[in-house]
Amino acid sequence: MSTFERFLTLWVALAMIAGIGLGVAAPGLVQAVAGAEVASINLVVAVLIWAMVYPMMVNVDFGAVAGVARQPKGLIVTLIVNWLIKPFTMALLAVLFFDYVFAPLISPEDAAQYTAGLILLGAAPCTAMVFVWSQLTRGDATYTLVQVSVNDLIMVVAFAPIVAFLLGVTDIAVPWETLVLATVLYVVLPLVAGLITRRLLGSEAAIEAFSARIKPLSMIGLIAIVAILFGLQGEVILARPMVIALIAVPILIQSYGIFALAYGAAFALRVPHRIAAPCAMIGTSNFFELAVAVAISLFGLNSGAALATVVGVLVEVPVMLSLVAFANRTRNRFAEG
């Protein structure tokens with residue numbers, strides 16, 4: 001890793017502080033950024049995520065996609081954790097903390113809202129950011145693409161029924177525009193750009209050299225996104241720090257627990273590290289645009305559910321960076337192949 005990458009956690013921490021400061025000092029600028037939205041997708045954030053994802057897409061070799069079928073264990077672990085475990089453990093933790101552990105600190109109405117927001121987060125596995133985490137752990141770009149693509153296909157049919165079951169609400173309106181637009185912006189367009197780039201470059205040596213040159217784009221995009229997210233929520237963080245901390249507790253337990261489960265299962269099944277790390281990251285990270293959009297449509301912009309999904313966004317980056325560091329430190333314990 002380069003010096004810049006080794007100190008990435010520091011840069012992210014500084015971006016958090018800068019973002020909060022910007023949100024307080026220049027609220028007009030922050031609101032202008034927040035207003036640049038289409039179907040609940042912030043276009044500024046979308047451009048930055050695109051910049052983050054594109055460098056990894058350049059490494060996707062469609063000729064190697066067939067190889068995924070020869071190593072199905074990583075995909076199986078991802079699907080089981082994401083769809084048969086994660087939504088239900090998040091719901092269980094939310095009920096445990098907000099209905100019991102934190103009951104003396106918050107009203108029952110707020111508890112129900114926070115629980116709903118966390119359920120929405122738990123049912124939406126990551127689509128875009130996982131490409132960044134995969135790149136930071138030297139994951140297999142092609143296998144990661146297949147994992148994300150299969151998850152997106154399942155999400156189209158499984159998200160609404162799972163959320164409806166856990167929330168006890170049957171008339172959930174999934175924001176299809178958000179789901180489709182996010183998939184196109186974060187997966188399809190960067191993938192097409194990556195494939196075109198590979199063709200133009202030609203040789204593997206040229207592709208590797210180009211990838212090395214543009215790799216810093218991912219890190220710069222990540223830092224910029226963190227600053228924007230914390231800028232957008234700066235006033236809320238300063239005004240309601242205790243509530244933010246309470247919501248963060250079950251999210252932290254869920255994140256580390258899901259990662260441990262998926263990473264441990266991949267290790268036990270002797271999945272190579274280049275597949276195991278992204279496999280665990282997909283379940284740990286969340287498709288926050290979808291969760292936030294559904295929370296707003298169901299409960300309102302200023303609801304506790306919407307706040308809970310936003311806290312999930314704020315917690316995610318520091319958590320994922322810590323897991324990236326752990327995955328890199330344990331690389332040598334995994335099988336090769």
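Helix 13 is followed by R270, whose phi is positive, near 60°. This is a predicted model, in which local features need pLDDT of at least 70 and side-chain atom pairs count only at pLDDT 80 or more, while totals for chains, interfaces and linings use all residues. Residues are numbered from 1 along each chain as its sequence is written, and side-chain values use heavy atoms, with hydrogens and water left out. Helices here are DSSP runs (H or I, at least four residues), numbered from the N terminus.

- R270 is not a glycine, yet has a positive phi of about 60°.
- The loop between helix 13 and helix 14 (273–284) is where you will find R270.
- R270 has a relative accessible area of 64%, so it counts as exposed; exposed means over 50% relative accessible area, buried under 20%, and partly exposed in between, with a 1.4 Å probe and protein chains only.
- R138 sits in the loop between helix 7 and helix 8 (141–167), and its relative accessibility of 58% makes R138 exposed.

**Helix 13: length and bend**

- At A248, helix 13 bends by about 25°, and the proline P250 follows within four residues. The bend is the angle between axes fitted to the seven residues ending at a residue and the seven starting there.

**Helix 13 and its partners**

- The axes of helix 5 (residues 73–101) and helix 13 come within 10 Å and cross at roughly 150°. Axes are lines fitted to C-alpha atoms, for helices over the stretch in contact, and angles run from 0 to 180 degrees between N-to-C directions.
- Helix 5 is therefore roughly antiparallel to helix 13. Angles over 145 degrees count as roughly antiparallel, under 35 as roughly parallel, 65 to 115 as roughly perpendicular, and the rest as oblique.
- From helix 5, the contact residues include V77, V81, I85, L93 and F97, and from helix 13 they include L246, P250, I253, L261 and A265. Contact means heavy atoms within 4.5 Å.
- Helix 5 and helix 13 make a right-handed crossing. A crossing is right-handed if the near helix is turned clockwise from the far one by less than a right angle, and left-handed if anticlockwise.
- Helix 6 (residues 108–122) packs against helix 13 at an angle of about 45°, with the axes 11 Å apart, which makes helix 6 oblique to helix 13.
- The crossing of helix 6 and helix 13 is right-handed, with Y114, L118 and L121 of helix 6 meeting V243, I247, P250 and I251 of helix 13.

**Helix 7 and helix 4**

- Helix 7 is mostly covered, with 8 of its 8 residues buried; these are M129, V130, F131, V132, W133, S134, Q135 and L136.
- Helix 4 (residues 43–57) and helix 7 (residues 129–136) pack at about 50°, their axes 8 Å apart, and that angle makes helix 4 oblique to helix 7.
- The contact brings together M52, V53, P55, M56 and M57 of helix 4 with M129, F131, V132, S134 and Q135 of helix 7.
- Helix 4 passes helix 7 in a left-handed crossing.

**Buried residues to look up**

- V324 lies in helix 16 (residues 304–329) and is buried, with a relative accessible area of 5%.
- V324 touches W133, L136, T137 and M281, not counting residues up to four places away in sequence.
- V324 and S134 are 190 residues apart along the chain, but their C-alpha atoms are separated by 8.5 Å.
- Q147 belongs to helix 8 and is buried, at 0% relative accessible area.
- Q147 touches G74, L75, T78, I275, P278, C279 and I282, leaving out residues up to four places away in sequence.
- I223 is in helix 11 (residues 216–232) and counts as buried at 18% relative accessibility.
- I223 and V317 are 94 residues apart in sequence and 9.7 Å apart in space, C-alpha to C-alpha.

Methods:
Helix = DSSP H or I, 4+ residues; strand = E, 2+ residues; numbered from the N terminus.
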